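Please walk me through this structure feature by feature.

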Amino acid sequence: MKDSSEKKMQEMASRIKELEAALGRKQIQVEYFEKMIELAKTELDIDIKKTTAPHNHMVQGKQKTNKFFYESTL
């Protein structure tokens, strides 16, 4: 019985290490993407973050100025 609980604890500890490593990789990826978004804004003047406006509001606002945007949202 004791061996089985020790084995289970070792498996759980191993799984925690795997998950922590995966989380670390994802955090690096998030920071990379955030930096790319920041550079796109500052260096290229491209704002690629999503807006919080409702979709219909966005379509109405872009309807006359951006034909491609309007047609692609229909």
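**Reading the model**

A: Asp 45 is exposed, with a relative accessible area of 62%; exposed means over 50%, buried under 20% and partly exposed in between (1.4 Å probe, protein chains only). The model is predicted, so local features need pLDDT of at least 70 and side-chain atom pairs count only at pLDDT 80 or more, while totals for chains, interfaces and linings use all residues. Residues are numbered from 1 along each chain as its sequence is written, and side-chain values use heavy atoms, with hydrogens and water left out.

Q: Where is Asp 45 found, and what phi does Asp 45 take?

A: Asp 45 is found in the loop between helix 1 and helix 2 (55–62). Although Asp 45 is not a glycine, its phi is positive, at about 55 degrees. The residue comes just after helix 1.

Q: How many helices and strands are there in the protein chain?

A: Helices (H or I, at least four residues) and strands (E, at least two) are DSSP runs, numbered from the N terminus. Here the protein chain has three helices and zero strands, and its pattern along the sequence is α-α-α.

Q: What span does helix 1 reach from its first C-alpha to its last?

A: The expected span of a helix is 1.5 Å times one less than its number of residues. Helix 1 has 43 residues and reaches 62 Å, close to the expected 63 Å.

Q: How many salt bridges does the structure hold?

A: A salt bridge is a side-chain nitrogen of Lys or Arg within 4 Å of a carboxyl oxygen of Asp or Glu. The structure holds two. One joins the side chains of Arg 15 and Glu 18 at 3.3 Å, N to O; the other joins Glu 38 and Lys 35 at 3.5 Å, N to O.

Q: Which residues form a nonpolar patch on the surface?

A: Patches are made of residues with over 30% relative accessible area and no salt bridge; like charges are joined within 9 Å, nonpolar side chains (Val, Leu, Ile, Met, Phe, Trp, Tyr) within 5 Å. Accessible areas come from the Shrake-Rupley method with a 1.4 Å probe, and for residues only the protein chains shown count as cover. Tyr 32, Phe 33, Met 36 and Leu 39 form the patch, with about 370 Å² of accessible area together. Tyr 32 lies in helix 1 (residues 2–44).

Q: What share of the residues in the protein chain is buried?

A: Buried residues make up 3% of the 74 residues. The accessible surface of the protein chain is about 7300 Å², with 58% belonging to carbon and sulfur atoms.
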